[in-house]
Amino acid sequence: NWAMKNVAQEIIEDLRRKIDGKVILGLSGGVDSSVVALLLHKAVPDKLIPIFVDTGLLRKNEAQEVLKQFEGLGIKIHYVDASERFYSVLDGIEDPEEKRKRIGHTFIDVFYEEAMRLKEEHGDIKYLAQGTLYPDVIESKVAERKAGAKIKTHHNVGGLPEKLPFTIVEPLRYLFKDEVRMIGKEIGLPENILNRHPFPGPGLAVRIIGPVTRDSVKILQEADAIFIEELKKWELYNKVWQAFAVLLPVKTVGVMGDYRTYENVIALRAVTSEDGMTADWAKLPYEFLNHVAKRIVNEVKGVNRVVYDITSKPPATIEWE
Ligand code: XMP
């Protein structure tokens, strides 16, 4: 695709012209921030410092996989393990919006502290790069107009830019998601990053109904990993918009051998969608669901029942919280 190749080349040259100091970037492993990382790496390889904040609320092995994959691309990531801090601010919190608020604030605090520390170390950090897309720009303009005042952009990093003494760089701000994917492909971003399902900023915290603990995260990660692994094996992963497991705050009775069990329920959620605004529950094959349910109950300690969510959006939402 020569058009996208040209766009990518233009962005890279523009970055090379503009960036005359170190640039930090919050890397999540999602498509947008990954494309920004790779563009910057191509433009100004020794000026880029990507920061990966491990919230402890990511999918199983996700942090390690992101680090490894970027290392393979020749990009060294500054890794921050903040999981204890996230678990501690979430301690006992059940309300979904309160979870989001606490995670959002903690993320900003951690990123800010780390950025300041790196500035001490590297001196000349001048820029903060972000994966803001055109729809994000429009959305925040509309919000601005509605509120009659300036409102900061981006749901995941709201408030961040204002607080930091860096110039914001947004190389994707005139692009739509599909164009970002095409650019990513042109510049050699691996397939599995390009086609990765969307993942919410608050991560697994909003897929654990009720309080979040290290143990509940572990159970959910294991169940989710089996679901995703099997979707890929059955070549269903790329046919759905999103698929994930949810841990419910109820215990139910089961039987294993001669024993009665009383354990957790996992709900599986898979949807098809164009943009996440509306969605249909995915009609996954019964044999597939049967196989996944068996594996989860057999392999994940603490789970004795699996259910499948058959509601569409609306009236349900994609996530359970
Ligand atoms: P819902 O659950 O509202 O989700 O149907 C629509 C899309 O948005 C994602 N989502 C979030 N993304 N922070 C995010 O960055 C959030 O708090 C959040 N909540 C939902 C969801 O995964 C789906 O793709």
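This is a predicted model: local features need pLDDT of at least 70, side-chain atom pairs count only at pLDDT 80 or more; totals for chains, interfaces and linings use all residues.

Me: What makes a set of residues a nonpolar core, and which members touch the most others?

Reply: The members are Ala, Val, Leu, Ile, Met, Phe, Trp, Tyr and Cys residues that are joined through C-beta atoms within 7 Å and buried (20 or more other C-beta atoms within 10 Å of their own, with C-beta atoms placed from the backbone). The largest such core has 74 residues, and Val-23, Leu-25, Val-35, Leu-39, Leu-40 and Ala-223 touch the most other members. Helix α2 (residues 31-43; a DSSP run of H or I, at least four residues) gives the largest share, eight residues.

Me: Why is this core said to lie between domain 1 and domain 2?

Reply: Domain bounds come from an automatic or database domain assignment, which gives domain 1 (2-194) and domain 2 (208-308). Both domains give residues to the core, so it lies between them.

Me: How many residues of each domain are in contact with the other?

Reply: Contact means C-beta atoms, placed from the backbone, within 7 Å. By that rule, nine residues of domain 1 are in contact with nine residues of domain 2. The C-alpha centres of the two domains lie 29 Å apart.

Me: What is Leu-25 in contact with, beyond its neighbours within four places in sequence?

Reply: Its partners there include Ser-33, Leu-40 and Ala-129.

Terms used
Residues are numbered from 1 along each chain as its sequence is written. A residue is buried if 20 or more other C-beta atoms lie within 10 Å of its own, exposed if 12 or fewer, and partly exposed in between; C-beta atoms are placed from the backbone. Helices (H or I, at least four residues) and strands (E, at least two) are DSSP runs, numbered from the N terminus. Two residues are in contact if their C-beta atoms, placed from the backbone, lie within 7 Å.
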